[in-house]
Each structure stands twice: as structure tokens, then as C-alpha cells.
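Please read the following points with the structure open beside them.

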Amino acid sequence: MAAFVFVRFRWQAVPSAFVVACSLLTALGTFVIRFGFFDADRYVLFYCIGAAFAGLGFAVLVIAWNGRLSTLVEEGIEIVVPSAFALSFVIYFALFALKGAVALYPIAALPVASAGILVRARKKADPQGSGESAVAMASAAYADAAPQGIKLGAAKVTALFFAAWFSFGFFRIVAAPDFVSDRTLYYLVPFSVALITAFCILVFNMKHAHVFSISSAFRWVFALACLGYAVIYIDVRNDALKLAGYAFNFTCMFSVQICTFIVFPKLARKTGLPIQGIISGLLVAEGVGTFSGVWVAKEVYALGGGSIPPAWCFFVLAMLVAAGMVVGFSPEKHMSLPLKQPFGGDGVPSAYQGKRDVRPHETITVLGDRYGFSPRECEIGALLLEGYSRPRIRDELYISLNTVNAHVKSIYTKAEVHSMQEFLLLARHVELSGGDTVGRDREGREMGDF
């Protein structure tokens, strides 16, 4: 329904009023579900209506927040998304401890509070009330420039999402215990282990991967999904093994979600990707995939007389791996406009083409000659002067964050500066002097020449 609304009205940014209305709809859905507990005959009806309300509101909030994320700098996105997941689990644990009707009111208040924070953030960033206007304009320009790339990339990512969430839903039924006597043991423990593991995977990828992309998550999904099924079928009646399998499955889910909410806002910020339309499609794939996986697993469970034959699990794994092989591990590359080389034809970083008042390549060349920068250090130094963050340099040059940090440290050491501010002051000194005084000795700089 959320995707239909965006397609129907062609919104590039979700209107604030619609965000608030949907948050209230989510709160209403929470109460409707609760009312179902008091009417056993119509419980299913109440539950379906409440879930539809809550699901629609939740989807709109996710779409709107991704639009907001795309306005942040790269470091901000990489910090905010994991922090938001961690905070959500802290709140979940607190509400889980409350239980019963007491938890109903804070649960209903959370989406409204989220909408309020989003609207306030929009107004603070844009007092005129136009929301993510710059993102919307960039998205429109992007759609005109590369419509086929958008369709191909979106279709491939959506196919991967469907296959992954089909597997997640199927596995939930496979690993479900026959009877849940301790919800803390069967939910909080696997959730906690999975969240910690997903964060470890995230940190490892951000530090060591040459490019942080959606493939960073899916490569782990295949391995963890195989481990989850393998653990379960060591002994299908062993509840401890089912808990371990649950943890593997939840780790896959969290890894994909966290990676998605980092990668696509960053891609939208860099290229003008229509983030809200893409996220809408991924949410549809997630919902349809989960429903299909659960439904197929339940049918197989019924046909199997109370168990799911291992052959079906191998079939689901084969489908997941086949989707990765056919679609490819980096489908979002089709959603990017062709990137120029870090330096243009005249030796100037591409983002500086046509800007006559700023020539970072000329500045870094003078600095490089003076302090003995390597070609790669000159390349990274020019991007630093251009205002690129270290995560963005990693993504642009396809090198790991550790490598970027090592080059920056080497630049600082050779230039005898200790911070980015000092490096910028040194570069500014070169620009003002036309490069003639870069050769001054260290004592001259320390005496305050710049």
C-alpha cells in the first residue's frame, strides 16, 4: 500500500503531514491488535486489521527516514543507522520486561514520537518547510539521466531481497520450538547474540572492505544461512541447536537491514538515487518474501506430518544461492551514474571541473613535490581538500577504510601536521601564496606564517 501511494502521487519526499498521519495509524493498529485479545471469536479479524494499519504506518516511517538519512554526510549515516538499531533493541528489551497492557501505551507512542522527531529534524534543516527538496531535485534529475540503470538495479536488488526474506521466513518455521515456555530464552537471547554478531560483521566490513555495498551483507547471508540449517539438522529435536539456528537467522536479517539503510542513503546522497521509491520496492519484496516463506514452510510442515524434510531446506538454500549467482553480488552498481576518475582530463579532480577559483590538484601537487607524497597520497590528499570524508574516499577509490587511514596518517607525517585543520591551513597557505612559499622550512610555518 505504501509503495502504491508513492507511485500514484509520484512523491520524491514524503510530506510531513502524511508521515504524522501514518504514525497515528500505526498507533491505532497497536490498540486494535490489543482489542482482539478480548474477543476470541474475532481475534483474527482484529489482528489482521491492526497489523495492516501498523504495517502501513511502519513502512511509511521507514521510507521517510531513509529519505532523511540521505541528507546526512557519510560518517553520519554510518553512525546513525547502527546506533538507531542498538537503541531500538534497548527499548525492545525494556518493553519486553513490562509485558501486558502496561507496555501498550509506550508501544503506541513510539511511532508518533519517531514521526515528531523526523518532522522537527526537517524543519530545523529546512526552515522553509520544503523537506528534502535538494534530494528530491537530485532524484528527479537522476531519473531523467539513467532510467534504465534504475530499473535494472532496482529489479536485481529486489530479487535478492525476496530470496533472502523467503529464506528467513521459511527458517523461522523450521527452527520454531514445539512449545515456547520461556520467551526470554527463545527470543531475547538469539536477538542479542544476533545483534552483537551483526555489529561485528558491520564493523569488519566498514574497516576492511574495499567498498561498502549491499553485497557486504549478502555475502555473509549465504554462509550464515547454510550454518543455520546445518545446525538445526544435527538434531531437529534439540532446542539448544534451534536457538543457535535462530541466532544465525536473525544475524542474517539484521545484517541485511543495517547494510541496506546505510548503503542506499549514501548512494542517494552521492548520485541522486530516488531513495524512497527504491526502499518502497525493497519493503514490498521483504513483506512478500517473508509471507511466502512462512506459507510454504507451513504447507510443507503439514504435508510432512509435523516435520519439514531436509530436502526442502536444501531447495531453499539452492534458491538463495542461485539468486545471488544470477543477480550478482553488487547489483547497486547498475543504479549509479558513471563515475568520473578521481582526476579529470586536465589533472583536476572531477568535482572541481570548471571551478576556476579552487584547484586542489595543483595545491596537492605542490605539497607532494615538497613533502614527497606518493601518487596515491596525492590522490587522497586532493579528495580531502575537496571536502570528501574518509568513508566517501573509501567508496570512491575502492580501497578499505584502514588503507585510507594509513595514507592520511602518512600525509600528516610527511607534511608535519597533526590534524585535518592543520593540513587545510597548510593547503590554504599554498593557494594564497601561489605555491611560491611552500618551500619555507618548518620553523617558518611554526612561527605562524600561515
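1. A salt bridge is a side-chain nitrogen of Lys or Arg within 4 Å of a carboxyl oxygen of Asp or Glu. In this predicted model, E78, K266 and R394 are linked in a network of such bridges. The structure holds five salt bridges. In general, side chains of opposite charge can pair when their charged atoms come close.

2. Are the two partners buried or exposed? E78 is buried, with a relative accessible area of 10%, and K266 is buried as well, with a value of 6%.

3. Another salt bridge joins R376 and E379, at 2.7 Å from N to O. Both residues lie in helix α14 (residues 375–386), three residues apart, which is about one turn of the helix. An α-helix has 3.6 residues a turn, so residues three or four places apart point the same way. R376 is partly exposed, at 29% relative accessible area, whereas E379 counts as buried at 13%.

4. In helix α15 (residues 390–397), R392 and E396 are four residues apart, again about one turn. They form a salt bridge in which the closest N and O atoms are 3.9 Å apart. R392 counts as partly exposed, at 22% relative accessibility, while E396 is buried at 16%.

5. Helix α17 (residues 420–433) deserves a separate comment. Its 14 residues should span 20 Å at 1.5 Å a residue, and the end C-alpha atoms are 20 Å apart, which agrees. Which residues of α17 are buried? They are F423, L426, A427, H429 and V430. Seen down the helix axis, the buried residues of α17 fall within an arc of 150°, so they line one face. On the other side of α17, Q421 and L432 are exposed.

6. How many disulfides does the structure hold? The number is zero. A disulfide is a covalent bond between the sulfur atoms of two cysteines. Of the cysteines, C259 counts as buried at 3% relative accessibility, and C378 is buried with a relative accessible area of 14%.

7. On the surface, V20, L24 and V112 form a nonpolar patch with about 210 Å² of accessible area together. V20 is found in helix α2 (residues 16–36) and is partly exposed, with a relative accessible area of 34%.

Key: Residues are numbered from 1 along each chain as its sequence is written. This is a predicted model: local features need pLDDT of at least 70, side-chain atom pairs count only at pLDDT 80 or more; totals for chains, interfaces and linings use all residues. Side-chain values use heavy atoms; hydrogens and water are left out. Patches are made of residues with over 30% relative accessible area and no salt bridge: like charges are joined within 9 Å, nonpolar side chains (Val, Leu, Ile, Met, Phe, Trp, Tyr) within 5 Å. Accessible areas come from the Shrake-Rupley method with a 1.4 Å probe; for residues, only the protein chains shown count as cover. Helices (H or I, at least four residues) and strands (E, at least two) are DSSP runs, numbered from the N terminus. Buried means under 20% relative accessible area, exposed over 50%, partly exposed in between (1.4 Å probe, protein chains only). The expected span of a helix is 1.5 Å times one less than its number of residues. The arc is that of the directions from the helix axis to the C-beta atoms. A disulfide is a pair of cysteine sulfur atoms within 2.5 Å.
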